[in-house]
Amino acid sequence: MQDEYRTVAHGGVHETEVNRSRFLCALAPAATEREAQDFIASVRKEHADATHNCWAYVIGADAAVQKASDDGEPGGTAGVPMLQMLLRRDMRYVVAVVTRYYGGVKLGAGGLIRAYGGAVGEALDTLGTLTRRRFRLATVSVDHQRAGKVLNDLHSTGRAVRDVRYGEEVTVEIGLPDADVDAFRAWLADATAGTAGFELRGEAYGDA
């Protein structure tokens, strides 16, 4: 798994104009390929009268799924430069649809590549991106007497507390950067006089 990737926090649309052609880039987060395809379908329906609705998406923290379509533009002049822009910016779990309304001036292959790739780049700059970093998931088990102080210390040091459950003991689910695991384990033992339980689990991504 890679240590971090970038994505979009929410959907949005940014419009540019090149030689009288309008290019509307719609961006959205997509957790799965189905979500990406559903978003593409919704944009195509909204802009059914457009000249082209070209698209690209990247799914997976390791960019395992990469797909793109020129939607009738000359091969390699629309979907591929859109996809390349997403990959160049380390974008993951994201879908982009660029809707073109032809303005009467042909752009040529080079012009199309710049226009479609540029539309995605400008949309990313305008709508904003966020970084998600890889965390180790861990479970801390502590008695009720010490739980309050442990939770306060976790929050005050900015630890990613994901869940708290109260039972015979207090169970706290946290996220830790790999590099912090050993230091955290030592801190927890010191803070609870060695009484707390600590268990490493899987991995996940969270906001940086």
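1. The radius of gyration is taken over C-alpha atoms, and the globule rule is 2.2 Å times the number of residues to the power 0.38. By that rule a compact globule of 208 residues would have a radius of gyration near 17 Å, whereas this chain has 23 Å. Its C-alpha atoms fill a box of roughly 75 × 30 × 25 Å along the principal axes.

2. The model is predicted: local features need pLDDT of at least 70, side-chain atom pairs count only at pLDDT 80 or more, and totals for chains, interfaces and linings use all residues. Residues are numbered from 1 along each chain as its sequence is written, and side-chain values use heavy atoms, with hydrogens and water left out.

3. The chain has 5 helices and 10 strands. These are DSSP runs numbered from the N terminus, helices being H or I of at least four residues and strands E of at least two. Of the 208 residues, 43% count as buried (under 20% relative accessible area; exposed is over 50%, partly exposed in between, with a 1.4 Å probe and protein chains only). Contact means heavy atoms within 4.5 Å. Among contacts between residues at least 6 apart in sequence, 70% join residues at least 24 apart.

4. Helix 2 (residues 79-88) packs against helix 3 (residues 108-127) at an angle of about 35 degrees, the axes being 8 Å apart. Axes are lines fitted to C-alpha atoms, for helices over the stretch in contact, and angles run from 0 to 180 degrees between N-to-C directions. This crossing is right-handed, the term for a near helix turned clockwise from the far one by less than a right angle, anticlockwise being left-handed. Pro 81, Met 82, Met 85 and Leu 86 of helix 2 meet residues of helix 3 including Ile 113, Tyr 116 and Leu 124. The contact of helix 2 with helix 3 divides into 8 nonpolar, 2 polar and no charged residues. In this scheme Ala, Val, Leu, Ile, Met, Phe, Trp, Tyr, Cys and Pro are nonpolar, Asp, Glu, Lys and Arg are charged, and the others, Gly among them, are polar.

5. Which residues of helix 2 are buried? They are Gly 79, Pro 81, Met 82, Leu 83, Met 85 and Leu 86. Their cover includes strand 4, strand 5 (65-69), strand 6 (94-101) and helix 3.

6. Helix 4 (residues 144-156) and helix 5 (residues 181-191) have axes that come within 11 Å and cross at roughly 145 degrees. Their crossing is right-handed. Val 150, Asp 153 and Leu 154 in helix 4 meet Phe 184, Trp 187 and Leu 188 in helix 5. By class, the contact of helix 4 with helix 5 has 5 nonpolar, no polar and 1 charged residues.

7. Two backbone angles deserve a look. Most residues other than glycine have a negative phi. Asn 19, not a glycine, has a positive phi of about 45 degrees; its place is in the loop between strand 2 (12-18) and strand 3 (21-29). Asp 90 has a positive phi near 60 degrees and is found in the loop between helix 2 and strand 6. Asn 19 is partly exposed at a relative accessible area of 48%, and Asp 90 is partly exposed at 40%.

8. Asp 49 is in the loop between helix 1 (33-46) and strand 4 (52-59), and is exposed at 61% relative accessible area. Asp 49 and Thr 99 are 50 residues apart in sequence and 9.9 Å apart in space, C-alpha to C-alpha. Gly 118 and Asp 143 are 25 residues apart along the chain, with C-alpha atoms separated by 56 Å.
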